[in-house]
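Me: Hi! I'd like to talk through a structure with you. Can you put it up first?

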Amino acid sequence: MSTGVHPRQALFDANDPPPPSLPVCDHYCGVEARMRKSLALQAELGPVFDITLDGEDGAPVGGEAEHAALMASLVMGADNRHDRVGVRVQAVDHPAFEAMVDTVVAQAGQRVAYLMVPKPRGLQDLQRAIDHIDASARHHGLGRQIPVHALVETHGALREVQALAAHPRVESLSFGLMDFVSDHRGAVPRSAMSVQGQFQHPLVVRAKLEIAAACHGHGKVPSHCVVTEFRHLEALREAALRAGREFGYTRMWSIHPDQIRTLVDAFAPEADEVALAADILQAAQAAQWGPIRHHHGGQDTLHDRASFRYFWHVLERAERTGRLPEPVRQAYFSG
């Protein structure tokens with residue numbers, strides 16, 4: 001591979017940092033046996049997917065404190081080999097929110113990958129949650145700011161999605177399909193929650209597009225909602241391809257271990273696209289990042305910094321999904 005100025009330095013403005021480099025799959029689990037199974041699978045596959053331990057839907061009513069302690073112990077345990085385990089806490093107006101945050105921060109704040117904040121009704125709710133997370137971190141002497149993710153699943157959050165995405169403490173916004181549809185009080189049919197209907201109903205499509213656009217506009221990661229037909233892997237694959245290629249999502253939720261490999265595969269670039277990207281970037285680097293002419297598929301094409309940036313993102317996606325050839329990884333991602 002060519003040596004010279006690295007693509008990150010050559011192609012991007014230092015005042016415009018890239019989005020966080022998050023795995024393409026975010027796997028949710030709230031039952032202890034499934035949480036442990038997910039940790040074992042992550043140890044096997046590597047950090048190509050995140051695990052979010054669920055303290056909202058996963059916590060038994062009245063057992064939130066014990067569930068918070070369990071999640072913290074799993075984050076700190078030996079089975080967490082890659083430090084890519086986050087926690088979804090209760091909503092900010094839930095009676096257990098503050099205590100759950102305090103437990104996770106006190107017992108696992110050094111290693112928890114992020115805290116997911118569900119059901120904010122807008123920027124004010126999100127700020128309240130972040131203020132408490134940061135106050136808890138200071139109280140417990142934590143030497144880091146814990147990254148925050150948030151769920152857009154209410155009308156208020158969607159109205160203020162640009163402000164949510166612009167918040168400097170937020171890494172990623174996820175679309176909460178089920179709660180969003182339910183928030184329409186029956187005006188949006190149940191079919192809009194299906195694997196096909198969620199890409200067809202205009203109100204759901206609008207929400208997805210606004211979230212993705214806000215995230216990309218502010219350098220954050222848009223995360224696509226679940227597919228509940230978890231045994232229908234071909235339908236899941238088609239949904240993931242549409243989410244990535246048509247709606248601009250770069251991450252997607254899994255709710256069953258069987259979904260993880262399918263999602264990682266769907267968001268990974270094709271091998272020939274990775275090879276083309278590496279070839280063009282190598283030629284561009286040799287030309288000191290000036291315009292080049294590249295021969296591929298029997299045609300000559302012209303490329304400049306705009307297309308170089310596109311192909312660099314292809315390599316980044318290949319690296320996040322474990323599909324990058326070793327020589328390319330060594331050249332660009334080993335430092």
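Me: Thanks! Where does the largest pocket lie?
Reply: Domain 1 (25-267) and domain 2 (270-333) both give residues to its lining, so the largest pocket lies between them. The domain bounds come from an automatic or database domain assignment. A pocket here is an open set of points on a 1 Å grid over the protein atoms alone, where a 1.4 Å probe fits, with protein on both sides within 12 Å along at least five of seven lines; lining residues have an atom within 4 Å of a point.

Me: And what kind of model is this?
Reply: The model is predicted: local features need pLDDT of at least 70, side-chain atom pairs count only at pLDDT 80 or more, and totals for chains, interfaces and linings use all residues. Residues are numbered from 1 along each chain as its sequence is written, and side-chain values use heavy atoms, with hydrogens and water left out.

Me: Good. How much space is in the largest pocket, and which residues lie nearest its centre?
Reply: About 810 Å³, where a volume is the space filled by probe spheres set on the grid points, joined across faces, edges and corners. Of its 30 lining residues, P19, T250, H313, E316 and R320 lie nearest the centre.

Me: Which elements give two or more residues to that lining?
Reply: They are α9 (202-217), β7 (221-224) and α13 (305-320), and α13 gives the most, with 7 residues. Helices (H or I, at least four residues) and strands (E, at least two) are DSSP runs, numbered from the N terminus.

Me: How does the lining divide by residue type?
Reply: Into 13 nonpolar, 7 polar and 10 charged residues. Ala, Val, Leu, Ile, Met, Phe, Trp, Tyr, Cys and Pro count as nonpolar, Asp, Glu, Lys and Arg as charged, and the others, Gly among them, as polar.

Me: What about the second largest pocket?
Reply: That one holds about 490 Å³. It has 26 lining residues, with Y28, D54, D57, R88 and I255 nearest its centre, and β1 (25-29) and α8 (177-182) each give two or more residues.

Me: Back to the domains. How far apart are their centres?
Reply: The C-alpha centres of domain 1 and domain 2 lie 32 Å apart.

Me: Changing topic: which residues of α12 are buried?
Reply: V274, L276, A277, A278, I280, L281, A284 and Q285. Buried means under 20% relative accessible area, exposed over 50%, and partly exposed in between (1.4 Å probe, protein chains only).

Me: What do they pack against?
Reply: Their partners are α1 (7-11), β9 (292-296), β10 (299-303), α13 and α14 (326-332).

Me: And how far does α12 reach?
Reply: Helix α12 (residues 271-286) has 16 residues and reaches 23 Å from its first C-alpha to its last, close to the 22 Å expected at 1.5 Å a residue. The expected span is 1.5 Å times one less than the number of residues.

Me: What comes just after α12?
Reply: Q288, with a positive phi of about 55 degrees although it is not a glycine. W289 is not a glycine either, and its positive phi is about 70 degrees.

Me: Is Q288 buried or exposed? And is W289 buried or exposed?
Reply: Q288 is exposed, with a relative accessible area of 72%, whereas W289 is buried at 7%.

Definitions and conventions
Contact = heavy atoms within 4.5 Å.
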